[in-house]
Structures are given as structure tokens and as C-alpha cells.
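Let's take a walk through this structure together, starting with the overall fold and ending at a single side chain. Keep the view open as you read.

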Amino acid sequence: MPVAMGMRPFLEHPWSDFQTYFQTVIGGGHNCARAVLPSMIERRWGRIINIGTTAVSEMCGHLNPYVTAKMGLTGMGRSLAEEFGPHGITVNEAVPSGVWPHERDPEGTEGKSFRDRSPLAPGMPRPRDVPAAVVFLASDMAAAITGARIPVCCGQVMQD
């Protein structure tokens, strides 16, 4: 997310900021789905996995265009899950929070604002955790899961 565009109060975001995020997040999801759905329908099997964010479940007022676009992606995914489920296609979302960029544990105050919200040690997902959720959702083990948001956030945001 471009920091210069993202971290500002709502009244400082022109409509063009929202359009940029919609084009990137929702437009990207739309283009990818349209590219793969015809062959998935033909095979009567497929997996679409979008990448969401826990920011849609948290207080993130200064990230309004980003959060709004990501919530739109969630809605699109759930609509696709319903429409294409009869074709054997599942559509789900892996939902990370802030991801610790190293395999080593954070030290001292590193990532403290995220770590303090987590009941798990080290308190932040690692780089390997998001792709692990995607691999699970793409596997036959997740054949009965569709329209779901799977949090990958060390319990920072707990969902039903």
C-alpha cells in the first residue's frame, strides 16, 4: 500500500485515492478470476484464493481507501463462491495481519504494536504463514470450505 496515499484522514482522501485502490485490489481480483474461471468451469474444479487483511475488522480510519477496497474484494469473493460453487469451484480468502518479515523472533520493541494484541508467541505471523494458509485452501483438505475468510494473524483478530 502506498504510505503517502494510505495513512490520512478520510477528508484528505480524494475520490482518486479510492479509485486507485479499487483498480488495484478489486480490479486485480476481477481480472484474475475472469482469466481462470472458464477453464475451472470446464474442469468442474477450481480454487480461487484472495488475500485480504485484518484491517477490515479493526479500527483503521486512516486507511479508508485500502480497507474499503479490501472489503469489496471480500464481497466479490463471497459472490463468486455462491455463483461458481455448483461448478466445483471454491473461493476463499487468506486474511493476514501485519506479517513479521523475518523467520527469527522479533526482539525488544520490534513489531510491538502487533505483538501486544496477540495471545500467541511471537505475536506476528511469519512470511511462511500466509502461503501455508493459501496452500491449505487450495488443497483437497479445504474442499468443503468456500466463501470463508481464514485469519492468519496469531489471534490478533478473532473471527467466527
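Helices (H or I, at least four residues) and strands (E, at least two) are DSSP runs, numbered from the N terminus. This is a predicted model, in which local features need pLDDT of at least 70 and side-chain atom pairs count only at pLDDT 80 or more, while totals for chains, interfaces and linings use all residues. Residues are numbered from 1 along each chain as its sequence is written, and side-chain values use heavy atoms, with hydrogens and water left out.

Let's begin with the whole chain. Its secondary structure comes to five helices and three strands, and along the sequence they follow the pattern α-α-β-α-β-α-α-β. The radius of gyration, taken over C-alpha atoms, is 17 Å, close to the 15 Å that the globule rule gives for 160 residues, so the chain is as compact as a globular protein of that length (the rule is 2.2 Å times the number of residues to the power 0.38). Buried residues, meaning those under 20% relative accessible area with a 1.4 Å probe and protein chains only, make up 39% of the 160 residues.

Now find helix α2, residues 15-43. This helix has 29 residues and reaches 40 Å from its first C-alpha to its last, close to the 42 Å expected at 1.5 Å a residue (the expected span is 1.5 Å times one less than the number of residues). α2 bends by about 35° at Leu-37, and Pro-38 follows within four residues; the bend is the angle between axes fitted to the seven residues ending there and the seven starting there. Among the buried residues of α2 are Phe-18, Tyr-21, Val-25 and Leu-37 itself.

Phi of Arg-44 is near 60°, a positive value in a residue other than glycine. Arg-44 is partly exposed, with a relative accessible area of 49% (partly exposed lies between buried and exposed, the latter being over 50%).

Cys-154 also has a positive phi, of about 55°, although it is not a glycine. Cys-154 sits in the segment after β3 and counts as buried because its relative accessibility is 16%.

Gln-156 lies in the segment after β3 (149-152) too. How buried is Gln-156? Its relative accessibility is 10%, so Gln-156 counts as buried. A polar atom of its side chain lies 2.7 Å from the backbone oxygen of Gly-123. With contact meaning heavy atoms within 4.5 Å, Gln-156 touches residues including Phe-114, Arg-117, Gly-123 and Met-124.

Key. A polar contact is a pair of N or O atoms within 3.5 Å; within protein, one must be able to donate a hydrogen and the other to accept it, and residues adjacent in sequence count only if both atoms are side-chain atoms. Lists of a residue's contacts leave out its neighbours within four places in sequence.
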